[in-house]
Every structure is written in structure tokens, then in C-alpha cells.
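Hi everyone, thanks for making time today.

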Amino acid sequence: MNPLTTELMRDQVAAAVEEAVARTPISDIHTHLYDPAFGKLLLWGIDELLTYHYLVAESFRYIDMPFANFWELPKARQAELIWDALFIKNSPISESCRGVLTTLNLLGVDVRKRDLNSIRKWFTEWDVEDYITRSMELAHVRSICMTNSPFDEMERSVWEKGFPRDSRFTAGLRIDPLLLSWQSTWGQLLHWGYKVSEELTAHTISEVRRFLGDWTERMNPRFVMVSLADDFEFPAQNECAQLIEKAIVPHCREFGIPFALMPGVRRQANPELKLAGDSVGRVDLSAVQNLCAMFSDTKFITTVLSLENQHELCVLARKFRNLHIFGCWWFLNNPSLVDEITRMRVELLGLSFTPQHSDARVLDQLIYKWHHSRQVISRVLVEKYGDLAATGWIPTREEIDRDIQKLFGGAFDDFCALQLR
Ligand code: FIX
Ligand code: ZN
């Protein structure tokens, strides 16, 4: 094609892609947000934004105070210390700090005065229902998948009482204690009326499945989910691997839902930082490969925490159609890394993956996490469609819309609907 025509085409394609990325509603497949029926469990507002564990970790690069003294302070005081360390005494150029400012800016809060109290005042005017709607509108998010643990006492009681579901919030059945600390969890199951023993006998396994079945019926989750350490192995003789093989996989197959594995967390590298104290480790992904190969009729969803694992994970997804990969998780949710990972995934997998989830713990974070991710995803796609246009394959507006809908939730829905035969 004539180079001038190519340039023109590239510009038109770029405009169409940017526009489609900006307006396509997103299904956020992993967050730590809650249906408003859970009351205080749904976090929102400036003090929650400032005390996000990403910012706690960063602030201790500067704050010279024993960790224990910090944790004794009320949340508002912690927020003030973080504001002072990360926004006033230093410029807030890290991704998580920038995120607070993107959020405030898109909400229409004036940050120029650097006055925390006037920002706080702005938030007092809102009630939670309106604020959910406003945050979802600004983030262009149509549905939010929660992380729901039957092992969390506060959450559990709300599920047990029952409540009318807000259709914007879907569930994810989170079972970390079951798989990661069977020694202390089996007694809990017994206490709840499931006739389990410490030994993983056939009867215990069938009772674990009854427990999973009850909670699946109660929550109607999109998937069963666990985060795993960097030493995760499968198959293995340990309790975690045995429970996955004998209880989780058959359960997911029976209910036709995927099993989501998130390996690579090195829990509590620094326990003094509490929730902010987890770190990252590289995983041997043969464990995921073995699961996909041994259970080709079961669906697996995976994101990994280590950058070094990302390429291998993409290659695995090319080999196993029962594997869907998603998100740039936690320490990877930074523009430079989202760019690199998304580019690689598009190059290896086309449109058959989910580039991002927010992992928001505070409602308002939906706004910045999605705003920042959209910018990067758009940049990558503009380049990729531009390369196609240069060959004479000019994508139509409909094709671009269709593709972006896939990346923002459609590919995930298609994967969940897949009949593996
Ligand atoms: O295990 C998880 O789902 C992690 O995403 C979180 O627990 C982690 O603390 C986090 O917030 C990461 O973004
Ligand atoms: Zn998470």
C-alpha cells in the first residue's frame, strides 16, 4: 500500500480503537469489593484510599516509626501519616500514589491545595448507593466480581441470613484456608456440621464436597478460587494437592465452573507490615500444566504474580484450551509491566485472554485502576491494529468493537460457557 494511505489508515484505526476502549463497559473479574448488603465490608472514601496496603508498604520507605505504633493508630491518623510521607514530603509519582490523584481528579475533587481535610469533606456528601453508581460509571465497569470467603466470620453471617443480590456484583468462592491450612480448617468444618476427619479419607472428601456444594448454591459463584505460594506443586502427596485432585476438581466439573489459581505469593515476607507484608516468588508452572493435562474436562483460570512466569503462562495457554489467563496482578499492575505483558499476550494469544482485573479493595480504586489500564491497553491495540492496517487489512469499527468486548469480559464469558468435549 502507498505509505501515505497507510499513515491515514493508521490514524483512523487509532481513533476508532481509542474510542472503543474508552466506552466499552468492563466486567471486572477479580476484586475485593462487596455487594452493599455487606455494609462496612465495602470500603470507600479518601481514608481507605490512603491506607490501601500498597501505600502502607510504600510509606514505610520513609516513615521512621515502629510498625506496631503505626498499627495502634486510628485509621484517620494512619491516613494522615501516609498523606504526609507520600504526597507532601515527596511527590506522589509511584503508581499507587498517582492512582489516588487520578481517582480524585476524575471525581472532580480539586487536589491543587494539597488539603486532606477539604478532600475528606467532599466525601462526606455521598451515600454509598450513589457512590457505587458514580464510581462504576466513571470506571465504565458493568459488573464486579467479589472475593467471597465462607471462612470470614463477618461475611459468612451475611450469606447465611440471605439478602437480595445487587445484580452488578457477582461472587467468587474463595477457599484459601481449606487448601492452605487443612490442619486448622478441618476442625472448623467439623464444627459447622461436616463430618470430616483430619485424614483425607473418602468420607472426608465427600463431606468437603458437600461443604463446597452448599456454598456454591448459596453464593452462585463464577468460579472457585485460591491464591497459592510460590512452592505450589501438583500432583503431590500434600493436603493441598490431594484436596484439589479429589475435591475441588470434581466439584468444579460437577457445577460447570472454573477453578481459579493464583500462584506466586510469598506470604508475610515481613509480618510487621501485616496485609502489606506479602511478597512475590517465581512458581514452577509445571503444576498448572499438570492440572490442565490431567483434567482436560475441567476449566482453569490463572494469573501469576511473578513477571518471570508470564511468558511461560502464555505458552501454556496456547497448549491448553481449558486454561484462561487473566490480569496483571498486584506488583505487576504498573503501566510499564501491563504494557509488556499485554503486548506479549496479544502476540501469543490474540484475543483469547482477559488482559486485566482491578483487584480493587476500595471501591473508588475502580476509577484509577481501569483508567490507567485502559490507557495502556489502548496503546498496545493501536499499534497492533496499525500493523494490520499496513498490510491492507483495515479493521472495521464493528470488528474493533467486537474484539474489545472480548478483552473486557467477553472472552472470559465465552471460556466459562465452553463445553469441553
Ligand atoms: O490474594 C489476592 O486475591 C490478592 O490480590 C490480595 O489478597 C492482595 O493483598 C491484593 O490486594 C493484591 O492486589
Ligand atoms: Zn486479589
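Before we start, one definition that we'll need in a moment: a polar contact is a pair of N or O atoms within 3.5 Å. Please also keep in mind that this is a predicted model.

Let's begin with the ligand. Which residues surround ligand 1? They are His30, His32, His53, Tyr54, Arg174, Ser227, Arg267, Trp329, Trp330, Asp359 and Arg361. In arginine 267, a polar side-chain atom lies 3.5 Å from an oxygen atom of ligand 1. For histidine 53, the distance from an N or O atom in the side chain to an oxygen atom of the ligand is 2.9 Å. And for tyrosine 54, the corresponding distance, again from a side-chain N or O atom to a ligand oxygen, is 2.5 Å. How much of ligand 1 does the protein cover? On its own, the ligand has 330 Å² of accessible area, and the protein covers 97% of that. The space taken by ligand 1 is also the largest pocket.

Now, on to the salt bridges. As a reminder, side chains of opposite charge can pair when their charged atoms come close. The count here comes to 28 salt bridges.

Let me show you two that involve helices α1 and α18. Glutamate 19 pairs with arginine 397, with the closest N and O atoms 3.5 Å apart. Glutamate 19 sits in helix α1, residues 3-23, while arginine 397 sits in helix α18, residues 397-417, so to speak 378 residues apart.

Arginine 23 is partly exposed, at 37%.

Elsewhere, arginine 120 forms a salt bridge with glutamate 80, at 2.9 Å between the closest N and O atoms. Arginine 120 is buried, at 15% relative accessible area, whereas glutamate 80 is partly exposed at 28%.

Finally, salt bridges with shared partners join Asp339, Arg343, Glu347, Arg379, Glu383 and Lys384 into one network.

Terms used. Residues numbered from 1 in each chain as written. Chains lettered and ligands numbered in written order. Predicted model: local features only at pLDDT ≥ 70, side-chain atom pairs only at ≥ 80, totals over all residues. Heavy atoms only, no water. Salt bridge = Lys/Arg side-chain N within 4 Å of Asp/Glu carboxyl O. Helix = DSSP H or I, 4+ residues; strand = E, 2+ residues; numbered from the N terminus. Buried < 20%, exposed > 50% of the residue type's maximum accessible area, 1.4 Å probe, protein only. Near = heavy atom within 4 Å. Polar contact = N/O pair within 3.5 Å; in protein donor to acceptor, adjacent residues only side chain to side chain. Areas by Shrake-Rupley, 256 points an atom, 1.4 Å probe, with all protein chains shown as cover. 1 Å grid on protein atoms, 1.4 Å probe; cavity = no way out; pocket = protein on both sides within 12 Å on 5 of 7 lines; lining within 4 Å. Sits in = over half its atoms within 2 Å of the grid points.
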